[in-house]
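Dear colleague,

Please find the structure that I am handing over to you below. I would ask you to keep it open while you read the notes that come after it.

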Amino acid sequence: MAAIIAFVLFGIGVVALVLRRDLVIKLLALGLINAASILFLVSIGDRPGARAPIQLPGDLGIVADPLPQALVLSAIVVNFAILALALVFVMILVERYHTTDSIRIEQEMAREADDQETPCL
Amino acid sequence: MTRDRLRIIFAVGIIAAFVGLIGITYICSSPDPADSERYLARAVEETGASNRVAGIYLNYRLLDTLLEVLVFSVAVLGVRHYLQQSEGMKLPNLSESEVVQTAVNFLAPLALLLCTFFAVFGHISPGGGFAAGVIAASGLLYVAIAHGIQAMNAQLNPVRLALMEKVILLVLLAFVLAPAVAGRIPLTELLPTGTPGKLLSGGSILVYNILIAMKVFVGAWAVIAAFAQHRGEL
Amino acid sequence: MPLILLPLLRFVFATLTISFARARKLFTILSHIIDAALLSQLALMLVRGTPEMVSVGGAPAGIGISLIGDQVGLTFAVLAWVLSAAVSAYTWQDKLRPYFFLLLNLLIGSCYALSFTTDLFNAYLLFELSTLASFLLVGYQRQPRQIWASLHYLVLSSLGMSIFLLGIGVVYAHCGCLDLTVLKTIVKASPGESWVLLAGALLVAGIAVKAGVFVFSLWLPAAHARAMPAVSALLSGLVIKMGVVGLFRLGDVFPIDLTLIVLGAITGILGIVYALNSYDIKRLLAFHTLSQIGYILIGFGAATEAGRLGALSYEVAHGLFKALLFLTIGEAAARAGGSDLKTLIENKHKIPRGTRIALIIAVLGIIGLPPLAGFDAKAILEDGLPTMFLHLIVLLMSVGTVVSFAKLAPVLFASSTHRASRSRVLSYAWLGGGIILFWPLSLLLVSPAITLHAYSGLHIIEALVVIAVGGALYFLIRKRRFRLPSEIFRLETSPLIILIGFFLIYALMILGQ
């Protein structure tokens, strides 16, 4: 059940990534896509009636699978890092072009391409 | 129909087909969670940590956690590199009313206390280094909101924080490489395992949790401070 | 032990570089010497027949993370070492902040680890680390075009890695294990199941975004063209190959042979078509990267021994001459004042002599002149192709390569008024020597029997004919320019094209099982 929700969220994220022009919305959509794949991973470890995978003294109930939760820890930190840096880059672009509209930024860059392109190192 | 309408329908159609294909194939292939029993079987005795998740990501899959810490460090350094060079806006030092300041003076030490608890007890109860670091950084964030970012930067020297980050990373790498000196493969356990459920169990999981908590704390604060500095206010 | 020490020591050097910035040059030399020692130890183990296999953390195989020092992994790791040395020499005198070298060392360290890892989630994290490091390196100079290119790279890479993560989820849900060696036995036991196809398609689609396959890597032309020359050289020569090594390892487990061949053919032909149309030389080189990956994928998908060895040799050869091309064109563009063809031709006398000679060697390498690197690897690869149709596609790609590089001819032959700095000449000599001496060096990888068979007269005549035909074709189509769809490279449409590519891969896997 959670797996289906995860796939639907993934789809909504990709729709937002493709159809919305605002760069910040695109980054939010990327965050949603990442969250959806993380939800899918966690949902795999679920068993009916399970509780947290910590061994308490004297308790022998059904326990959820700990591996997807460990994987997801790393995935969350990595996705946070990517979003933070993408946000910094969007900030730099916005300071330069004064708009968050991705199509307008591409048009501005195409217009500037006719001018001298500074050679790199 | 206009071209835009057509484009939207085309895009939504492809994405819906993608989601549908994956969803239906996955559900129809009847995933059987009982297959994945390995990690439950002997995790507690082998790692000595009664929190099985901590046992996995700080013992069996320690390399993954090391990479994750490196990713985090790169992110912090990257944010600092880019925002350091831009001209920040110079706004006056804003701080909040006395009610907020008094409340924060009570809440922030509580946050730091929670951070210590989660870091030190990460192998026995839910928590762990990452959550602890984020909690502590949030506590500092409250103080920064209440007293103004300029006051915070006067108290916490950014240069010393940067140095502390590098030192923590070096200590972590040294700890991870230490078994190599003793002739064993790096990333294996050095400290004794102990009985699960006690504080001094789980080998070096305790040390890793504390190191990671400090690293995430300093790093998250550096990111917040960089953004706030660039903008001129919080 | 050397397997795990290689990336770990590189990470240690990365951290030391940013802590003690003044000793950077000492650390660079030290790290390369240590890496050479570790790599030779691994090679010795491999030759003796006992490749090193390490389960990091001492856990039993299948629970911990396993690293394996086999032939595939060692080849890619040696390529990483060679390119790391070349780029370090190239940037020896440049005024770059310690942060740049931190990113460089982290990138190399993650490439070492990616060459050896057999665990899926470990590969995911290493791909993300290398993505972060490369995207920060592309945007290092903070020019808006570079920032845009690296943002595009980041968005597509993140989408691809999320798809990869979905694949990891499907694998774990059915197997309870993430290790590729254990997966191999499980998949072999029940080959036709639907989850195998789904997981394989998701994993391949995710890695293809990073591996330089045309439909998926639409960020590549912009990112590799606009980055600094040293960064472009490393990205095109090395980081792309990390996606390829991922595909190689998946190819051992999932039935993706037909998929690899079709993807290789598509990216080979489309890369050449777009390259013919580019007159900005760095963009041309980036399209060629896309195209040459086609050779490697076709060779590996052919599933014969000669094909596999040819693919391995070609990826080393391509790493060498593509890196040399980017480094030399980068310096030439810096001296001439622009990287488009017109500027380069107008100011061709400003290009230093050492750079020009290195550029000639690199171009001869990529067009496949015997006995340089490109011819060598291509010959072994062509020996391994089972059908005439594949042979025809590879020939077509080779002719296209010659045609698009022929436009550089006026730049190559002129007199120089400048000299290049010594450290740059050293890095050119390091790579150029590898290209020229490729045949004797490759005897370490490929047995003499296969190489001598590949050096038959037929292949030599074929290579020379290809060069002649390509040159003639260039003179015929020199004045024509044709319009190609360039909207696919925009941020709006590229995620959709990745999803369409996923359907293609899924269909190919069903067909090819």
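The notes below describe what was found.

This is a predicted model, in which local features need a pLDDT of at least 70, side-chain atom pairs count only at pLDDT 80 or more, and totals for chains, interfaces and linings use all residues. Residues are numbered from 1 along each chain as its sequence is written, while chains are lettered from A and ligands numbered from 1 in the order in which they are written.

Confidence is given as pLDDT, the predictor's confidence in each residue, from 0 to 100. The average for chain A is 85, and 91% of its residues score at least 70. Within chain A, confidence is highest in helix 2 (residues 23–44), with a mean of 94, and lowest in helix 4 (residues 102–112), with a mean of 84; helices (H or I, at least four residues) and strands (E, at least two) are DSSP runs, numbered from the N terminus. Over residues 116–121 of chain A, pLDDT stays under 50. Where pLDDT is low, the predicted coordinates should not be read in detail.

Chains A and B meet through 32 residues of chain A and 38 residues of chain B, where a contact means that the C-beta atoms of two residues, placed from the backbone, lie within 7 Å. On the side of chain A that touches chain B, helix 3 of chain A supplies the largest share, 13 residues.

Chain B itself has 10 helices and 0 strands. Of its 234 residues, 47% are buried; a residue is buried if 20 or more other C-beta atoms lie within 10 Å of its own, exposed if 12 or fewer, and partly exposed in between, with C-beta atoms placed from the backbone.

The largest nonpolar core has 320 residues, among which B:Val71, C:Leu132 and C:Leu324 touch the most other members. Such a core is a set of buried Ala, Val, Leu, Ile, Met, Phe, Trp, Tyr and Cys residues joined through C-beta atoms within 7 Å. Helix 6 (residues 144–175) of chain C gives the most to this core, 20 residues. Residues touched by B:Val71 include A:Val77 and C:Leu129.

Finally, two residues deserve a look. A:His98 is not a glycine, yet has a positive phi of about 60 degrees. A:His98 sits in the loop between helix 3 and helix 4 of chain A, and counts as exposed because it has 10 C-beta neighbours inside 10 Å. C:Ala303, also not a glycine, has a positive phi of about 60 degrees.

Yours sincerely

How values were computed: Lists of a residue's contacts leave out its neighbours within four places in sequence.
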